[in-house]
Amino acid sequence: MAKLPGATHVSSRFYRIALVASLLVSLVLPFVVPVYYVQFLSKAMLMGILALALNLVVGYGGLVSLCHAAFFGLAGYVLALTSPASGGASIFITLPLAMIVVAAVAAVIGALSLRTRGIYFIMATLAFGEMLFYLFHDTKIGGGSDGIYIYYEPEAVIAGFRLVDLGNKTHFYFVSLGALFLTLLFLKGLVGSPFGHALAAARDNERRALSLGFPVFGLRLAAFVISAVIAAVAGYLSAAQFGFVAPQMLGWHLSATVLVMVVLGGLSSLVGPLVGAIALMGLEEVLKSLFDNWKLVKGLIIIALVFLLPGGLQQLGALVMPERGEAPDTTGEAVEEKAHG
Amino acid sequence: MAEILLRAEGLHRRFGGLMAVGGVSLDVHRGEVHAVIGPNGAGKSTLINLLSGDIPVSSGRVTLGDRDVTTLPPNRRAMAGIGRSYQKTTIFQTSTVHENVRLAAQAHSGHALRLFGHVVNDHAVNEAAEAAIAEVGLSTRSGTIARFMSHGEQRQLEIAMVLATRPRVILLDEPLAGMGQAEAQRMIALIARLKEARAVLLVEHDMDAVFALADRLTVMADGEVIASGTPTEVRSHPAVRAAYLGDHGEVA
Amino acid sequence: MSKSDLIIRPDRRRFLLGASGLVAGASAFRFPTPAIAQGAPLKVGLMLPYSGTFGRLGQFIDNGFRLYAEQQGGKLGGRAIEFVQIDDESKPESATDNMNRLVGRDKVDIVVGTVHSGVAMAMVKVARDTNTMLVIPNAGVNEATGPLCAPHIFRTSFSNWQVCQPMGKVMFDAGHKNVATITWRYAAGQQMVDAFKEGFTAAGGKVVEDLAVPFPEVEFQALITRIATLKPDAVFAFFAGGGAVKFVRDYAAAGLSKSIPLYGAGFLTDGTLQAQGDAAEGIKTTLHYADNLDGATNKTFSEAFLKKTGKEGDIYAVQGYDAAALLDIGLKAVKGDFTARAPMVAAMRAAKIDSPRGPVSFNKGNNPVQDIYLREVRKGQNVKIGVAGKAVDDPARGCRA
Amino acid sequence: MTPLLVIENLRSFYGVSQALHGVGLSVGRGEQIALIGRNGMGKTTLLRSIMGLIHDRRGEIRFDGASTIDRQPEDIARAGIAYVPEGRGVFGSLDVVENLVMAARPGRDGHSNWTLERVFEVFPRLHQRRGHGGLQLSGGEQQMLSIGRALMTNPDLILLDEATEGLAPLIAQEIWAMLDIIRAEGIATIVVDKDHRSLARVADRMVVMAKGEIAFDGTPAALRAEPGILERHLGI
Amino acid sequence: MNAATFAVQLLNGVQYGLVLFLVASGLSLVFGILGVINLAHGAFYMLGAYLAYWLSAYTGNFLVALIGGTAIAFVIGLVLEEVFVKRMIGRDHLAQVLLSFGFILVIDESRQILFGKDVHSVPPPDWLKGSIQLTELLSYPIYRLALCVFCLIVAAIIFFVIQKTRLGMIIRAGAENRDMTRALGISFDRLNRYVFAGGIALAALGGILVAPVSTVFPGMGDGMLILSFVVVVLGGIGSVAGAAIGALLIGLTDTFGKVFFPQVSSILIYVLMAGILLWRPNGLLGKQGH
């Protein structure tokens with residue numbers, strides 16, 4: 001059982017210093033590293049947004065969803081399908097459109113999946129995610145298994161004035177950074193809000209949350225949809241970054257990888273998934289250049305993570321620096337027995 | 001006669017072929033503790049779950065004041081004014097006492113699901129929470145993480161959470177189970193205070209507590225009511241003696 | 001959610017061990033430094049499928065390309081070359097990443113690739129964005145030399161349209177009025193079938209049904225049964241690699257090859273005959289190559305290829321070979337000065353290659369203009385039995401170059 | 001001769017809630033113990049603790065001289081204890097024969113006094129309904145099946161919770177008769193039931209539980225001599 | 001469509017459903033007994049197909065591949081259970097999802113190191129080559145018929161083991177009431193190991209059997225995994241009979257979907273699943289309520 005939001009493990013002063021430092025670094029970085037790495041960092045930040053979105057459902061909602069890649073990819077397809085053949089689509093029309101489409105789809109998938117529990121929920125989300133995958137993979141809607149190209153990146157033009165050029169790698173970097181920052185801000189507000197607390201309460205004890213008067217199903221559905229919409233922003237930008245969407249963007253392998261990011265970073269903190277995303281992306285980049293069979297190493301690392309660091313990198317942080325308050329309980333509650341004698 | 005706050009009429013609940021509750025009717029008045037007792041498997045817990053909405057009824061009617069709440073899900077019944085405790089303590093183990101109760105108060109604050117504004121800064125909710133904590137006598141423990149408290153304190157906390165939802169009717173499912181003597185005495189005193197201006201329905205095995213607290217008693221066996229009335233009436237009821245002592249009309 | 005008490009709590013020692021391992025790993029990883037030095041070898045990025053469904057095809061292209069370079073003393077246009085190889089696994093979803101890695105991180109000068117059309121599209125896109133020279137040695141996706149054409153993007157293979165359109169007339173003339181098509185539901189399959197239909201309906205034929213399975217699925221049984229229900233005069237099919245083997249064998253196993261003749265794009269029987277065995281006998285296909293072409297160039301090429309690799313050359317090897325030949329022509333024209341892009345491109349556009357397949361020139365979309373042969377499988381060989389189209393030129397629809 | 005089962009200062013917990021507050025009890029070989037007391041007083045918890053089904057249990061339990069306090073339910077079962085739980089625990093997806101066969105095991109000393117045939121001999125009704133699923137049986141038949149299943153493990157001690165709960169009086173009589181057969185076999189039992197009169201007829205000792213402790217432990221005669229105890233701990 | 005081709009399509013659907021049943025029943029049993037969610041199930045299906053390719057190429061005997069491949073998978077299952085999965089029981093589903101995702105990557109890459117990434121076809125045994133004339137036009141490959149028969153035999157064996165043997169009784173009892181089963185002296189340590197290994201072996205067996213009618217390729221496990229999950233969602237966790245019904249439903253839906261609604265055929269299965277989830281959230285034969 002994770003803590004209700006509000007309790008932080010790491011001291012808030014360190015937290016603030018780290019935040020300012022990483023913000024500064026992220027502002028300077030695109031001007032000092034090669035373009036390839038600027039692109040890489042943009043990509044990592046978009047994955048970070050996706051991981052943050054997923055954590056709203058997994059970490060705060062206690063629902064292991066395996067279909068978030070589908071929302072991510074669906075938003076990309078919305079951009080691809082609404083992009084005119086001879087110019088860029090307007091980001092101010094297509095981004096909201098992508099968010100609305102994903103919200104609608106997530107509402108349907110969520111309403112069906114949330115009728116189930118535990119393993120069934122995982123399987124149901126997995127299957128619905130794959131349904132969207134096959135929708136694009138097996139039909140002509142979006143170019144089938146080859147995916148579909150966006151020949152002109154979306155335009156951010158207001159009254160004839162171009163705000164940013166999404167084709168420019170540095171501009172794109174700052175757009176991603178901005179989106180990431182807004183996501184963090186939004187989620188920080190959300191998890192501290194009455195809604196966030198109610199959501200966490202439903203995760204920790206559904207029965208109690210219900211008997212206190214919280215509409216648990218509605219809460220979860222709302223969180224599921226909000227999370228899907230954030231995933232849609234990440235997916236939209238991802239599609240814009242490389243001008244290409246493929247069905248694999250919706251596939252469950254990506255969902256699982258993002259889940260690894262979330263767990264790697266730590267479920268019970270807001271920025272954890274972001275750290276996890278950047279760490280995993282970086283690790284993959286290193287592994288790719290070191291080993292031919294880098295996925296083997298990745299697999300072994302994931303297995304090790306499950307057994308050695310179930311609390312994620314946060315647990316490492318706890319080893320390096322002293323903590324405030326009681327030690328986090330990683331062993332969980334004692335197994336609860338049924339029926340009194 | 002005091003106002004009837006909660007009324008059950010002809011409640012039935014079947015699980016497959018088993019009739020767990022078969023035609024139970026009872027009412028709970030404002031300002032009284034109405035205890036439900038009976039041997040294991042009599043259907044007491046199922047009855048509470050039917051009243052709180054955790055389990056839907058097969059047939060019958062539940063009214064809260066003038067309002068028919070039979071088809072409402074548990075969260076809507078909670079909002080309507082039915083609070084309950086569980087046989088197994090049901091609190092948020094890793095949160096503090098204050099956080100636990102604040103959550104309960106939040107549910108009934110009118111903006112239970114607002115997406116913005118930090119809950120810590122909601123003074124009305126915080127005050128309501130502290131008032132409930134004070135009512136059960138846990139004020140000094142407000143900042144303690146629930147899981148580090150004793151069983152008795154956890155049960156007090158659970159009742160504070162129920163109180164913070166401002167219930168008119170409180171359903172208590174074996175509040176004394178698993179408690180030591182001293183803890184039990186504290187809890188009995190607390191329950192005695194709860195009934196002021198509220199209606200309390202109590203399921204409990206500890207007969208000392210039942211007779212100390214109950215204004216009226218309903219005795220169930222095999223899913224049905226076998227006797228109902230004041231403690232003295234019930235105590236001498238032959239069917240009750242048979243159920244408990246195995247007497248079949250004869251004197252022990 | 002309950003966690004068991006079996007979770008191992010990490011301790012400091014284990015953490016330090018792990019951390020030191022990570023540091024060691026990271027130190028082995030460096031930013032690659034671009035080779036700027038004058039006279040440095042020309043960096044050629046080979047982005048091909050070295051594994052998966054098209055693994056064999058990629059290997060043959062690679063060998064063909066290297067064979068030509070070796071024949072020039074390891075140089076192209078007098079300039080020494082260096083290869084950077086990347087396995088695209090025929091996965092479109094990682095194509096952009098792979099191409100970016102080649103162009104952005106490894107700083108290659110020229111990219112050669114690939115087989116899979118979807119992957120090729122990603123490569124075309126990045127090549128256009130980064131103004132990188134790209135030579136496509138197989139993928140026939142029409143757009144690459146159509147709407148997405150660019151001066152620095154060449155193809156030494158074929159367009160999907162080019163290979164299949166001539167088949168329409170061939171089949172109609174053979175007396176097949178009602179035909180069913182079957183392919184993978186992906187861009188290449190779609191374009192091949194569309195091109196065939198263009199030619200076939202123009203000649204007066206009627207397509208009774210288009211059947212498709214998702215790529216790279218190979219469970220054809222339901223669709224083969226469907227064909228038996230439809231009873232068309234003939235079937236036009238496009239599959240390649242493992243899928244082609246499987247389809248031809250299933251088609252024969254279902255007994256249909258006796259009653260409903262099978263036609264297809266050449267890939268249906270190219271590089272797959274050994275695995276298809278008797279099941280492929282009698283299948284007629286169109287392609288820009290055949291096993292028994294009698295030109296002298298083909299003869300010398302085949303001998304050299306056999307000598308180098310121990311394997312019989314095929315169309316994929318030829319396409320790789322010609323990719324190197326085309327680059328050789330371009331670089332020779334600028335004396336190895338790769339930066340002189342305009343004259344180099346002009347020379348390549350004007351190139352007349354004496355390819356093992358026959359004469360090849362290039363159209364405005366940089367797609368080869370070439371003969372399309374009609375072949376039939378006889379005794380395990382794709383034997384040329386005629387010319388389906390002479391000097392077939394892809395219309396390069398949408399190309400504004 | 002050492003007692004078969006010795007329990008000392010047993011404390012059992014459900015999370016932070018303590019259900020047993022230091023129970024001491026010993027059971028001799030072949031002895032029949034009646035365990036009585038109102039609901040919620042810890043009878044079932046005591047049986048489940050002996051069986052190893054309560055995870056958090058402290059103190060000491062020795063069976064046949066060996067400590068079982070840290071052992072798993074399956075090990076305890078194999079040491080020679082069988083359990084007939086409240087509600088019978090019959091497997092609904094298995095038929096009568098399967099319920100019996102899946103549990104069959106020779107006793108610890110290798111004896112196999114109880115076989116399918118023997119159980120059917122003792123409970124002819126089960127034989128009649130041998131092909132029926134566990135949940136198609138009446139309550140009494142389920143109880144017979146559960147007891148029969150326990151016997152199939154050839155145990156030295158049977159824990160029988162709520163022996164006749166919800167059964168028609170005639171069926172209850174059969175269960176009591178069964179207890180006599182079990183005793184004749186030399187198998188010890190701890191029986192929980194509300195019918196203290198019938199228990200007093202078959203049991204060697206009466207043990208009364210109240211609030212997680214033993215309130216009385218003595219012969220049926222001794223209990224009869226102190227009627228206040230019954231009224232206090234069983235009545236209302 | 002005439003009656004004969006309808007019958008052939010029916011046969012196609014049933015054959016597909018039978019293979020699906022083999023794979024999915026393994027997945028369902030592992031859920032039912034261990035309570036562990038195994039995403040790597042599809043990877044073992046793929047591994048089975050590669051083992052079939054490797055062993056039949058090496059020995060030239062498909063029967064050896066059939067038996068050897070299943071045995072190898074069983075042993076791998078035993079080892080994995082002992083080393084990793086045992087520690088997963090009672091852990092939350094998230095940890096199980098991650099562990100099995102890790103397995104997938106390791107299995108995929110190990111397969112690549114051992115057998116490469118190439119696509120292979122496996123010849124059916126000589127005595128099962130050839131076709132039977134079914135209709136005037138159409139003949140049916142003997143191997144496919146044999147596959148149906150073999151799958152039916154394996155299904156019969158599974159049902160026999162589950163319904164008639166003591167092991168099967170214990171498995172059913174364990175899925176129904178774990179505590180009571182333990183209290184009867186049955187150790188779950190061993191049961192878990194054999195059920196897990198058996199589940200893995202069934203997945204591999206499915207892959208081996210399919211190898212001669214399909215091609216062997218790296219990504220083949222993914223589709224099978226998802227379909228197995230859908231089967232389990234449809235049929236209900238832990239229910240072998242449910243898996244049988246679910247698998248046949250999907251086999252027929254898929255086959256006839258391809259024939260009648262080719263454009264949306266791959267979506268139909270999920271529409272079916274959504275409908276059943278709405279109607280019975282815990283599957284057709286799953287325990288309803290919680």
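**Exercise 1.** Is E:Cys151 buried or exposed?

*Solution.* Start with the cut-offs: buried means under 20% relative accessible area, exposed over 50%, partly exposed in between (1.4 Å probe, protein chains only). E:Cys151 has a relative accessible area of 1%, so it is buried.

**Ground rules.** This is a predicted model: local features need pLDDT of at least 70, side-chain atom pairs count only at pLDDT 80 or more, and totals for chains, interfaces and linings use all residues. Residues are numbered from 1 along each chain as its sequence is written, chains are lettered from A and ligands numbered from 1 in the order in which they are written, and side-chain values use heavy atoms, leaving out hydrogens and water.

**Exercise 2.** Find which cysteines form a disulfide (a pair of cysteine sulfur atoms within 2.5 Å).

*Solution.* Search the whole structure: one disulfide turns up over all chains. Its partners are C:Cys149 and C:Cys399, with sulfur atoms 2.0 Å apart. Next, take the angle about the S-S bond: 85°, a right-handed link. Both C:Cys149 and C:Cys399 are buried.

**Exercise 3.** Describe the surroundings of C:Asp371.

*Solution.* First, accessibility: C:Asp371 counts as buried because its value is 12%. Then list contacts (heavy atoms within 4.5 Å). Leaving aside residues up to four places away in sequence, C:Asp371 touches C:Leu287, C:His288, C:Gly389, C:Lys390 and C:Ala391. Last, look at polar atoms. The side chain of C:Lys390 lies 2.9 Å from that of C:Asp371, in a polar contact. Such a contact is a pair of N or O atoms within 3.5 Å; within protein, one must be able to donate a hydrogen and the other to accept it, and residues adjacent in sequence count only if both atoms are side-chain atoms.
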